[in-house]
Amino acid sequence: MRNKWYYITLSALVVALFAVGYWGFQQQKDKNEILLQRENSLQQAFYELTSDLQQLEVTISKAMVASTPMQRREVLANMWRQANTAQQNLAKLPLSKEPLVNTQKYLNQLADYSFTLLKGERKSDSESKQIAGLYKRARLLTDQLMKFEASLADREYPWIKMAAKEERNFSSATRKLPTNTFSEIEDQMQQFPQLVYDGPFADENLLKKPRQLEGPEITEGQAIAVAKKFLNLQGQPVRYKVIDREEQIKEMADDLQNPDSRERLRRQLKNGGPPLETYLINVIPHNREVGNQSYISITKKGGRVMWVVNTRNIDGRYFSLQDAQAKAVKFMDSIGMENFKPTGVLRTLNQAVVSFAAIKDNVIIYPDLVKVKVALDNGEIIGYEARNYIFANHDREIPETKLSLEEAQKALEPNFKVKTSRKAIIPLSTGKEVMTYEFYGSINGLNYLVYVNADTGQEEKILRVVKNEDGVLTI
Amino acid sequence: MKRKRWVVLSIFLCVLIVSGISYFSQEETTETLGERTLTIGTRGWDVRQLQRRLDNLGIYPGPVDGIYGPRTAAAVRRFQRSRGLVVDGVAGPRTISALLNANAARPAVAGNWSAVRNQDDVRLLARIIHGEARGEPYIGQVAIAAVVLNRVEHPSFPNTIPGVIFQPGAFSAVSDGQIWLTPDASAKRAANDALNGWDPTGGALYYWNPATATSSWIWSRSIWFKIGKHVFGR
């Protein structure tokens, strides 16, 4: 009898063992398949990157010699396209634990620079010299990449191993992988002089500073007074908490468990602060729930309100966009910004965002952009955003225009039917401003805003205007 | 057997005819909204219009069927409360005219120089906010999305929102799959605020949690603000 049970148990165990073994084998197979697919797509990105960079090296070398307009345009267009795809492929690869900020920047600026040059008719003076510098970097990058490629040649699944290292910090097994090639490239890329040109990605356009922010430094007490007046909270049962950024970070450091991290965080404060110092004030109502707080950010210099965020929930939508716009206009008047006109309103979820631009001498000044957010449940103002305005605003002289409205209109496509027109100052992607004529009209049933330079008669910008139930979008 | 089948078939036909009669006998009136006072039990084209308008306002969860039921009355009551009207759940001339005004004309057109609002971008931003900063203060959530958008505008990073978010190793919520949790209302709202230009970080490109950060490189950045668990800098 005992023997019988023995055999039954044994065969059950054997069957179970086979079942588990088979299951494990299938799992392993599935996992390997997924890893292989990941490896393949990373390999694809890498091979595309090397091919992009090799082509780019050749194209830049041609840009050094191209001289007549047609060939120059062709070479620059290729440079723009190849640098762009190289940048996209580079960003897909897990090459280093740190982001490859310098290499990425080189490729993005190269694309942006080529695009900027494409807009000019003739070769500029600095162009030859700068392209020679860009070529040196392209050579360096391709040389290093070839070395890197060679080092990968007889490794099994190098990319998924690198991905694992970069994502989970694997140590022993992957330590010998040659990813530090890229730390080297990063260092070398940083040692080249800055590329000087006028595009949105140019270094001098990156860290924006206010053009003209005037007034004395204000104290915390004065900042609270500004908040009280701005939010119309006189006599309201609210508490104001000024959040000091350095104090907060020091407190955070004190709370850290690890003494090294604590020290490093304190030291890090000495690396410098934000480009524009502000007071952040938390406005807490005494008698309402915690979620219903506001934050207001006020510049230390001049005491200007940068932004306001009210964090309360909004349920329901009882106000139309028209009502919201009227509320926003009333609010702008109440804070003394009567010279601003609403330029559009857009609904998202249960809130409406109304955009305003300044008006001076009948010219609309789009760089002075302010946004006011209205809750659609009770019509309350729950947000304000004036960063663009504070950074762009300065004492502007409205310039005389060389062209009249009729002359500028000649630049337009003949079939474009103009409905309204006016003078407008618009911001360019480089942060500069330009005086234009704004034409609103339509062609083939689609609506547009076309901006024509009031001096040169060139079209500076075209925006598609799309109306839907959520408001008006300009694309 | 044959007999049974006939019985079943004839019962089925009877039911069909009766229900057809009762369906078509519910004739809908054709008044337009505002011609009469609407209350529970009223049926008609104008009730349909009322329901559609309440639906547009986002306060009517029921079907647009032309039948003034309790859900329609509840929505009307909510609307009346918001507008300071008498809250009785009956759509009289005052309520209807307020409702017609609420859905009135659109504001004038002009260039407002805002970024394109692509619904995919909003969704993806909401996901990264939810994955990275669930339970953080609201402005901390807006700040996460602002960092993504600041990266899009900076040459050291990819130039699209998906490019920035899926860059290998850039966000831990992408590496560990938390980005695929369903974002809550707060994350969606924060994503919209960031796309509309609100940036509590003043232009930051990085954020990290000093309690858990492992990269030595991150300590070389300048540090601007602390919001919730994260510090923001460049």
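Domain bounds come from an automatic or database domain assignment. The model shown is predicted: local features need pLDDT of at least 70 and side-chain atom pairs count only at pLDDT 80 or more, while totals for chains, interfaces and linings use all residues. Residues are numbered from 1 along each chain as its sequence is written, and chains are lettered from A and ligands numbered from 1 in the order in which they are written.

**View 1. Domains of chain A.** Chain A is divided into domain 1 (2–205), domain 2 (220–392) and domain 3 (405–474). The centres of domain 1 and domain 3 of chain A, taken over C-alpha atoms, are separated by 40 Å.

**View 2. Packing of helices α8 and α9 in chain A.** Helix α8 (residues 245–255) and helix α9 (residues 259–268) of chain A pack at an angle of about 170°, with their axes 8 Å apart. That angle makes α8(A) roughly antiparallel to α9(A) (the term applies to angles over 145 degrees). The residues making the contact (C-beta atoms, placed from the backbone, within 7 Å) are A:Ile249, A:Lys250, A:Met252 and A:Ala253 of α8(A), together with A:Arg262, A:Leu265 and A:Arg266 of α9(A). By class, this contact has four nonpolar, no polar and three charged residues.

View 3. B:Pro61 is exposed, because 10 other C-beta atoms lie within 10 Å (12 or fewer count as exposed). The C-alpha atoms of B:Pro61 and B:Arg71 are 7.6 Å apart, and the two residues are ten residues apart along the chain.

Methods: Axes fitted to C-alpha atoms, helices over the stretch in contact; angles between N-to-C directions. Helix = DSSP H or I, 4+ residues; strand = E, 2+ residues; numbered from the N terminus. Parallel < 35°, antiparallel > 145°, perpendicular 65-115°, else oblique. Contact = placed C-beta atoms within 7 Å. Nonpolar A, V, L, I, M, F, W, Y, C, P; charged D, E, K, R; others polar. Buried ≥ 20, exposed ≤ 12 C-beta atoms within 10 Å, placed from the backbone.
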